[in-house]
Amino acid sequence: MRYYPDSSDPATRPGLEHCVERALPARDDSVMLGVFLPSQAFSEWPTLAPNSTEWTYQYILETVLAAEEMGMSFALPPARWAGLEGDEIVWRGASLETVTLTAALLAATTKITLLTTINANLHNPVVAAKFGVGLDHIGGGRWGFNVVSGWGVQEFAAMGVELLEHKERYAFTREWLDIIQMLWREGEATYDGQYFTINKASGRPRPMQVSPLIVNAGQSYTGMRFSAERADYIFCYGDQAEKFRKIRGEVASNCGFIGAKAVILGKTTAEAQDRANQIVDQADRGALRNMLLSSGAVPAESADERMVSRDDVYDFLLGEAIIASAEDAGTQLADWAAMQNVDGICLNLFEYRGDLKLIASDTIPAFEAQLAAHGKTYRRPSTPTPVS
């Protein structure tokens, strides 16, 4: 008995399923660059400081095309479902949904990898697996899955979705990802777990990648261990690199490390510092306070205490940022990448269109030259590698 006509049987369509290697394989001798996309109002900067960055699709498309042109390897849009009210702004009050956004961006690009942020608790795993297959086929294997177990309480409360206790979220996500990867690997799945019961779910076609790229942004011990066990890359702050390497050693993992780095640029360092001061001086402290509360990081009293002085706001927004001329920023990024021994850096910029022009002309050459002094190269993207 045949289940497919010849025209649609995956077995007779080479180049459809499992025909390319995983995107962005790790390489010890190089460092990738990527960009955190400004797909939400005020991006990562809750401030009224002058900024021409927009969350619109056209602006984001131009951002990704510019990043691809200068050799960046990946772009990552955050997933947001509700804004945070501040004293003067609604931070992230508008945002673009990530599956539809990355589908359009993949269709418009040829080399850069798009990392789609998907909340595990909002999508049935069979549906999420199907999303992933479609995106992987649209991009010809240039796609990755940024798995999120849950974050802002107010986002999910607005939808009537209750967040599980922190450790339980990761147990839930393990089952969720088990089902997705079974569908990707075998084309169907039957699963009987604590959170999911799946009966002969279909997953055809399978992805173009043999094993699609998985990234995760776990910050706690539980989150980092999940990343080490289940992801290809953790997406984390650089000061956590040593902690993650110890956790990775505990589970004998080869999960790579992509460090997040805020960069405030100017044509001169003085100009960059002026911009940084504007960001801090016009920051919306109410939005920052509500972000702390929403993340569950601190109780209300502590949130108020952390926003008392200007120095507090500066440390919170810019404490680990590189604030420099575009050329000096390239040198500092390379030194930081070598010191932390990261596989890649995800840049969080302020005024994206102007900053990317400076990065292309001044930062990349300095970054590449300084990496060479550390015995590494700047890794540019290439077309997906066919399965040998």
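Reply: Helices (H or I, at least four residues) and strands (E, at least two) are DSSP runs, numbered from the N terminus. This is a predicted model, in which local features need pLDDT of at least 70 and side-chain atom pairs count only at pLDDT 80 or more, while totals for chains, interfaces and linings use all residues. Residues are numbered from 1 along each chain as its sequence is written, and side-chain values use heavy atoms, with hydrogens and water left out.

Begin with the loop between β1 and α1, where Phe42 is found. Phe42 has a positive phi of about 70 degrees although it is not a glycine, and it is partly exposed at 33% relative accessible area (buried is under 20%, exposed over 50% and partly exposed in between, with a 1.4 Å probe and protein chains only). Most residues other than glycine have a negative phi, and most peptide bonds are trans. Asn341, in the loop between α12 (326-340) and β13, also has a positive phi, near 55 degrees, and with a relative accessible area of 43% Asn341 is partly exposed.

Rings of Phe, Tyr and Trp (its six-membered ring) pair if their centres lie within 6.5 Å, with planes under 30 degrees apart counted as stacked, over 60 as edge-to-face and the rest as tilted. By this rule there are eleven aromatic pairs. One of them joins Trp45 and Phe350, whose ring centres are 6.0 Å apart and whose planes meet at 80 degrees, so the pair is edge-to-face. Trp45 lies in the loop between β1 (30-36) and α1 (57-69), whereas Phe350 lies in the loop between β13 (344-348) and α13 (352-373), so that the pair links distant parts of the chain, 305 residues apart. Both Trp45 and Phe350 are buried.

Ring pairs also link Trp143, Phe145, Trp176 and Trp184 into a cluster, and Trp184 in turn lines the largest cavity. On a 1 Å grid over the protein atoms alone, a cavity is a set of points where a 1.4 Å probe fits but cannot get out, a pocket is an open set with protein on both sides within 12 Å along at least five of seven lines, and lining residues have an atom within 4 Å of a point. Grid points are joined across faces, edges and corners, and a volume is the space filled by probe spheres set on the points. There is one cavity of 30 Å³ or more in the structure, and the largest cavity holds about 40 Å³ of space. Its lining includes Val126, Leu183, Ser202 and Pro205, and α3 (125-138) and α5 (166-186) each supply at least two lining residues, with α3 giving the most, four. The lining has six nonpolar, two polar and one charged residues (Ala, Val, Leu, Ile, Met, Phe, Trp, Tyr, Cys and Pro count as nonpolar, Asp, Glu, Lys and Arg as charged, and the others, Gly among them, as polar).

A cis peptide bond, with omega about -5 degrees, joins Arg204 to Pro205.

Two further loop residues are buried. Arg142 is in the loop between α3 and β6 (143-148) and counts as buried at 4% relative accessibility; its C-alpha atom is separated by 7.7 Å from that of Leu106, 36 residues apart along the chain. Met307 is in the loop between α10 (300-305) and α11 (310-318), and its relative accessible area of 6% makes it buried.

Finally, the second largest pocket contains about 390 Å³ of space. It is lined by 23 residues, of which Ala26, Arg248, Asn254, Cys255 and Gly256 are the closest to its centre. The lining divides into eight nonpolar, five polar and ten charged residues, and α7 gives the most to it, with four. Cys255 is buried, with a relative accessible area of 1%. The closest cysteine sulfur to that of Cys255 is in Cys236, 10 Å away, too far for a bond, and a search of the whole structure finds zero disulfides (pairs of cysteine sulfur atoms within 2.5 Å).
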